Amino acid sequence: MESYLVTGGAGFIGSNFVLSLLASGRDVRVVNVDALTYAGNLENLASVEDDPRYRLYQADIRDARAMAEIIAAENPRYVVNFAAESHVDRSIEDPGIFESTNVGGTVNLLNVVKSAWEEPDGGFGEHRYLQVSTDEVYGSLPLDDPSAYFRETTPLSPHSPYSASKASADFFVRAYGDTFGLPVLITRCSNNYGPYQFPEKLIPLMIRNACRHEPLPVYGDGLNVRDWLYVEDHCTAIDLVLHEGRIGEVYNVGGHNERSNIEIVKTIIRLVSERLDDPAIDDSLIRFVEDRKGHDRRYGIDPAKITAELGWSPETPFEEGIVRTIDWYLAHAEWVERVTSGAYQTYYEEMYGHRGAARA
Ligand code: NAD
Ligand code: DAU
């Protein structure tokens, strides 16, 4: 039996990871530790809540005592740290919580697993700690040099408070490996999309607004480029790195699927319009609004290392993944309704009101 402790398992990628592990047919036990912030949603995990192989703890990764007690009680072989504040726009409004959760929480977790796992000879047995990081730590690529990519050797050059906090956490993770011999691994993935993503991020926000005939707020000139990966492919990569990655190494995860934001938005408009048979959903909904501060121009992952060393490559072409994603959101209108009632309304007004696309 393989035992996992996943943090942030009620969020977008974490819940997809938990569900995929439990559906894998392997002999696994999964403990999910989540503080259940605005981004954590137990509804994502409703299908497994009574599964005896699954256990939830509502706890904060910054809480040393709670984390030590959970690790002592559960003794997981693996810890996979998804827990984070993850939205760049929120980090521009309130950087402090990003430092606290993403840096402080990670350091706390590293301390707890180090104390719990270290053996008298200084070894760590079969344990592994995997930090789920992001390509944003590398900064931004130019639009006019399509041959430039983020490689594991690319120097870290974060620009937003979010990416600065993730880069800082990565340095701590590496330091615990180098200094204490903690068996750590880091994955740095590009933009994910798929079911259960909170509608503050580009793709689910645009699907939701399109369905409601509401303005689609595109930042700046819409030509910023992101490298999109279907969430299940990210989950597969994480588990592969956990099992077969070389300890202490970083693995970039991405599938060479770069698209400009305006291309993504127009694709969503076309597909939602087709699927709802609603010609009123068209490009007239697009609003070019004030740009994000410090907006990174282009992300592009070179996944050569994970492909060559571990044989990973993505299985879901974008054309298929985006249709699956749109169909999931159309079939889960109540999920969208629930997560966007209440505090989301205030968030939307604050984030988009001054940009001239306020109706949520
Ligand atoms: P998310 O915002 O959807 O989920 C974050 C989860 O962490 C939520 O369930 C939340 O309740 C939980 N959480 C927040 N603070 C916590 C705390 N102090 N203690 C315990 N739990 C806490 O995020 P996501 O998009 O699923 O991203 C997960 C991880 O993957 C993050 O570390 C993010 O940096 C990284 N990542 C995300 C993407 C992407 O495109 N979404 C790409 C690459 C890497
Ligand atoms: O690259 C990986 C990162 O991808 C992750 O580490 C982050 O956790 C995740 O949030 C994501 O960051 P981005 O900032 O790239 O994602 P977001 O969906 O917020 O924005 C994608 C692009 O779309 C970006 O260029 C900004 C733009 N955008 C976004 C929103 C929400 C718009 O034009 N309008 C919008 O309303």
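A residue is near a molecule when one of its heavy atoms lies within 4 Å of that molecule.

These legends describe a predicted model, in which local features need pLDDT of at least 70, side-chain atom pairs count only at pLDDT 80 or more, and totals for chains, interfaces and linings use all residues. Residues are numbered from 1 along each chain as its sequence is written, chains are lettered from A and ligands numbered from 1 in the order in which they are written, and side-chain values use heavy atoms, with hydrogens and water left out.

**View 1. The residues around ligand 1.** Around ligand 1 there are 29 residues, of which Ile13, Asp34, Ser86, Tyr162 and Lys166 come nearest. By class, this shell has 14 nonpolar, eleven polar and four charged residues, where Ala, Val, Leu, Ile, Met, Phe, Trp, Tyr, Cys and Pro count as nonpolar, Asp, Glu, Lys and Arg as charged, and the others, Gly among them, as polar.

**View 2. Polar contacts and cover of ligand 1.** A polar contact is a pair of N or O atoms within 3.5 Å. A polar backbone atom of Gly11 is 2.9 Å from an oxygen atom of ligand 1, and a backbone N or O atom of Ile13 lies 2.8 Å from an oxygen atom of the ligand. From Asp60, a polar side-chain atom lies 2.9 Å from a nitrogen atom of ligand 1. The protein buries 97% of the 830 Å² that ligand 1 exposes when taken alone, an area that comes from the Shrake-Rupley method with a 1.4 Å probe. Helix 1 (12–22), strand 5 (128–134), helix 5 (161–180) and strand 7 (191–193) each give two or more residues to the shell, and strand 5 gives the most, with three. Helices (H or I, at least four residues) and strands (E, at least two) are DSSP runs, numbered from the N terminus.

**View 3. The residues around ligand 2.** Ligand 2 is surrounded by 24 residues, the closest being Asp135, Tyr162, Arg292, His295 and Tyr352. This shell has ten nonpolar, eight polar and six charged residues. Helix 6 (202–211) and strand 8 (216–219) each supply at least two residues of the shell, and strand 8 gives the most, with three.

**View 4. Polar contacts and cover of ligand 2.** A polar side-chain atom of His295 lies 2.6 Å from an oxygen atom of ligand 2. Backbone N or O atoms also take part: one of Pro217 lies 2.8 Å from a nitrogen atom of ligand 2, and one of Tyr219 lies 2.8 Å from an oxygen atom of ligand 2. Of the 690 Å² of accessible area that ligand 2 has on its own, the protein covers 95%.

Notes:
Polar contact = N/O pair within 3.5 Å; in protein donor to acceptor, adjacent residues only side chain to side chain.
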